[in-house]
Amino acid sequence: MRIAIVAGEASGDILGAGLVKALQRLSPEPITFEGIAGPLMQAQGVESRFPMDRLSVMGLVEVLGRLRELLGIRKQLIESWLQDPPDLFIGIDAPDFNLTLEQKLHEAGIPTVHYVSPSVWAWRQKRVQKIARAIDLMLCLLPFEAAFYDKSGVDARFVGHTLADELPLEPDKEAARDALGLDQEKRYVALLPGSRAGEVERLAPLFLEAAQRCLEQQPDLEFIIPSANDSRHQQLEQLLQQHLLPVHLIRGQSQQVMSAADVVLLASGTAALECMLLKTPMVVSYRVAPLSYMILSRMVKVPYVSLPNLLADRMLVPELIQQQATAPALAEALLNQLDDPQDQRDSFYELHQQLRLNASESSAKAILELLEKKGKLALS
């Protein structure tokens, strides 16, 4: 059995390594893997034809600067696999690169799988038509993604989320505080204004003003801010000079920070899912440029912006977006969660259990079933 596989960045390398390991363990036949892989996938035996970091490009300008190279890599892979077809192709995330590759191979009769759904359920929903032409199977990390594809006639499987597999159902707040050198008896509010310079510039002053208002009402509070990298650390240090707050500015360790806190104020994004799995009550906020918001608000087709609310299908976590994101409103929401955190915590526990399906094994089983269906493998 020969499987082609392409991962485009570090998160895909993590997913791919777990998937390859599970496929090798569960398959009744030996499997060889080739394509584009990072160090973790290569350690599981995947032969990488190109360095994965050549695909790890962020930002429009950077993509345009490397477009010829990216198109050349994809063309070489397509030509090679059309000439010597693998039994299956798996694209891990990186939809801009992988979906076109999948479509070309699929048209040639090669079974194709995409692991990690693009956010077609949230915006640009017409992309599902291209996905339907490109793949035999979509592996979804979240249950509402699979439900969306079912309505669109795409074969999809909810396999669970690897982060839900990795994080314990019962988090250890005391251990997190010890690791960060924090007092076990104090109450901490974590502030996570994002990892990009623009996010921090827009959100950190607002979050710090909200923290000031919380402190006026609850003078015993202290605050923790993790910096994503050295540049964000320096940026936050400069902003903190304008505020007299008891703040612990910590390099990295955002997961430990969220686990150690009593409540978290964070920029909308994947951190909200992580915070949910750590069972820490939260408030979600975000601001973008007015024109960007006007455009995005017309394109987005979902009622909530944060994953906990999308998973719960209700306003479990306060979302204060754009004009609603004011310091008084954020402070009030944070203090409410400090006073009454139990609804969020109980719901977070239930949602964690829903996502904890051993994603690597669930994905491997779905892929092996597809191979059997296509007459490539006998499982019984």
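## Asp136 and Lys374

In this predicted model, Asp136 and Lys374 form a salt bridge through their side chains, with an N to O distance of 3.1 Å. The two residues are 238 residues apart and join distant parts of the chain. Asp136 sits in the loop between helix 5 (127–134) and strand 6 (137–140), while Lys374 belongs to the segment after helix 17 (359–373).

Asp136 has a relative accessible area of 15%, under the 20% cut-off, and therefore counts as buried. Lys374, at 40% relative accessibility, is partly exposed.

## Other salt bridges

The count of salt bridges comes to 13. One of them pairs Asp220 with Arg187, whose closest N and O atoms are 3.2 Å apart. Asp220 is in the loop between helix 9 (197–217) and strand 9 (222–227), and Arg187 is in the loop between helix 8 and strand 8, so the bridge ties together parts 33 residues apart in sequence. Asp220 is partly exposed at 42%, and Arg187 is partly exposed at 23%.

Asp343 and Arg314 also form a salt bridge, their closest N and O atoms being 3.3 Å apart. Here Asp343 lies in helix 16 (residues 342–355) and Arg314 in the loop between helix 14 (307–312) and strand 13 (319–321), 29 residues apart. Both are partly exposed, Asp343 at 41% and Arg314 at 33%.

A network of salt bridges links Arg2, Glu34, Arg49 and Asp84.

## Negative surface patch

Asp172, Glu174, Asp178, Asp183 and Glu185 make up a patch of negative charge on the surface. Asp183 is partly exposed, with 35% relative accessibility.

Notes
Residues numbered from 1 in each chain as written. Predicted model: local features only at pLDDT ≥ 70, side-chain atom pairs only at ≥ 80, totals over all residues. Heavy atoms only, no water. Patch = residues over 30% accessible without salt bridge, like charges linked within 9 Å, V, L, I, M, F, W, Y side chains within 5 Å. Areas by Shrake-Rupley, 256 points an atom, 1.4 Å probe, with all protein chains shown as cover. Salt bridge = Lys/Arg side-chain N within 4 Å of Asp/Glu carboxyl O. Lys, Arg positive; Asp, Glu negative; His and termini not counted. Charge placed at Lys NZ, Arg CZ, Asp CG, Glu CD. Buried < 20%, exposed > 50% of the residue type's maximum accessible area, 1.4 Å probe, protein only. Helix = DSSP H or I, 4+ residues; strand = E, 2+ residues; numbered from the N terminus.
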